[in-house]
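Please look at the sequence and the structure shown here before reading the briefing that accompanies them.

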Amino acid sequence: MTDHIHAFGDDILADHDAVALAQLIRARAANPREVADAAVARAERIEPRIRAIECSPAATRFAATDAGIWYGIPTFVKDNTDVAGLPTNHGSAAFRARPADRDDAYTRQFLSTGVTVLGKSRMPEFGLLPTTEFGAAEPTRNPWNTEYSVGGSSGGAAALVAAGVVPVAHGSDGGGSLRIPAACTGLVALKPSRHRHLDNAQARRLPLNVISEGVLTRTVRDTATYTAASENYWRNRHLIPIGMVHGPADRRLRIGLLTTSVTGTEPDAETRVAVERAATLLEKAGHQVESVAQPFSRRLVEDFVSYFGLLMQVTLLTGRYLYGSTFDPRALEGITRGLARYYRHRLVRTPAMLYRLSRAGRTYASMFDHYEVVLSPVLAHVVPPLGYFWPTVPPGELIDRLLRYMSFTPINNVTGTPSMTMPIGLAGSGVPIGVLLNGAYGDERTLLELAYVLEAENPFPRITAVESDGAPDHRQR
């Protein structure tokens, strides 16, 4: 029996995506206040069970003008991005941030769409885990099966969208943090190329920027619409414009099928079925799919973990400067301290680690001498139950589990390349399984075009189709 929960109903939100809801608002069949109130009511109804919201403003923040394409669409911003008047705690209990004085640069880009901010979504401490769990607080739960992980680090955002509280929510991706929770909850998420959008303050401090911003949605057209609207606000003149992608392209693509992770392991049976199903659907649509070898070794993901260990070591040493006088390193999660320790044991290798990471893009680009897109799993195995990645698991064992589980998504963060999660089926436990569409640097457009193909050929079931005695026909067999 699947213990699922959702907030969909017969209010003004119905099961509309953001595009449909924005059309209602423009036609004056709905107004922003009415839509926001409906979303708040939905949140109040299910938040005690999913625990996805970090904080809410004293008053709902509406857009100053109706110029944005998503004017009046309710949303949440992830807890690592500054929004004026709200604290930014990065999912950590080690400090208490004061309300931000102003919006971050990327926040302004996101808000230019006209969205209504209802609050901030939860995330694990500093976005380090592919789950939204805490050592001393209730986890955020997966609406498809509340005993399972919702993914991370944009887990709160994913839960709110999947459960129908809002049609779209902000997230960020430093190692899979958009794409992993999207895969865990049956959503769509695009991690754009490095420098495709304005960077937030956190990214601007990094020696190697691995963070991309984006949204979690229930439809490809919402992701495409946001991508175009974001570009209308600010566009990097050194990248080819994406524009509005309305559907599949006529061209036939050469697609590489990558199933071996950087750790050399193959996906579990249910994940393999999902990826092979996606490959079959793309071949049916006329695209050429053939197996491709993994170009990276285990060292890439080990370097990536060491890089985050470096960042956590810096946090330990400079936390009071970065986060204020309330910062207490003793209150940090075990994984945060464990990653710092992992790095300290490899301290002398720092120059070599940074050099290898900075050159990984060349190896990645070699795959696109022969293919336009590479198809792969998002994760090496299906979503685990809550507790598998609990921050109190001994750090050494937890890092080993991370290396096995999330060994596909970090490639795009290291190389700065675009990657997109699409839902493809349901596991026997009732949780979704997603696949990755990976593209060449700057080629988000091709990923969006191909995503429309998968969406049309494999319409993903709404959570409302799951009955108490099981899951819909998209369950993997």
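This is a predicted model: local features need pLDDT of at least 70, side-chain atom pairs count only at pLDDT 80 or more; totals for chains, interfaces and linings use all residues.

Residues are numbered from 1 along each chain as its sequence is written, and side-chain values use heavy atoms, with hydrogens and water left out.

**Annotated span**
- The unreviewed UniProt entry carries the annotation "domain: Amidase" for residues 38–448; such annotations may be inferred rather than shown by experiment, and positions follow the numbering used here, with feature names shortened.
- This span is 35% helix and 16% strand, and its end C-alpha atoms lie 30 Å apart. Helices (H or I, at least four residues) and strands (E, at least two) are DSSP runs, numbered from the N terminus.

**Nonpolar cores**
- The largest nonpolar core has 94 residues. Such a core is a set of buried Ala, Val, Leu, Ile, Met, Phe, Trp, Tyr and Cys residues joined through side-chain atoms within 4.5 Å; buried means under 20% relative accessible area, with exposed over 50% and partly exposed in between (1.4 Å probe, protein chains only).
- Tyr-307, Leu-375, Met-420, Met-422, Leu-437 and Leu-454 have the most contacts inside this largest core.
- Helix 9 (residues 298–323) gives the most to this core, with 10 residues.
- Another core, of 56 residues, lies apart from it and includes Leu-13, Ala-38, Val-165 and Phe-460.

**Helices 8 and 14**
- Helix 8 (residues 269–284) packs against helix 14 (residues 444–457) at an angle of about 100 degrees, with the axes 10 Å apart. Axes are lines fitted to C-alpha atoms, for helices over the stretch in contact, and angles run from 0 to 180 degrees between N-to-C directions.
- Helix 8 is therefore roughly perpendicular to helix 14, a label used for angles of 65 to 115 degrees.
- Ala-278, Leu-281, Leu-282 and Lys-284 of helix 8 meet Leu-450, Val-453, Leu-454 and Glu-457 of helix 14, where contact means heavy atoms within 4.5 Å.

**Val-373**
- Val-373 belongs to strand 11 (residues 373–377) and counts as buried because its relative accessibility is 0%.
- Not counting residues up to four places away in sequence, Val-373 touches several residues, including Leu-253, Ile-255, Phe-368, Leu-437 and Leu-450.

**Helix 4**
- Helix 4 (residues 155–162) is mostly covered, with eight of its eight residues buried.
- Just after helix 4, Gly-164 takes a positive phi of about 85 degrees.

How values were computed. Angles under 35 degrees count as roughly parallel, over 145 as roughly antiparallel, 65 to 115 as roughly perpendicular and the rest as oblique.
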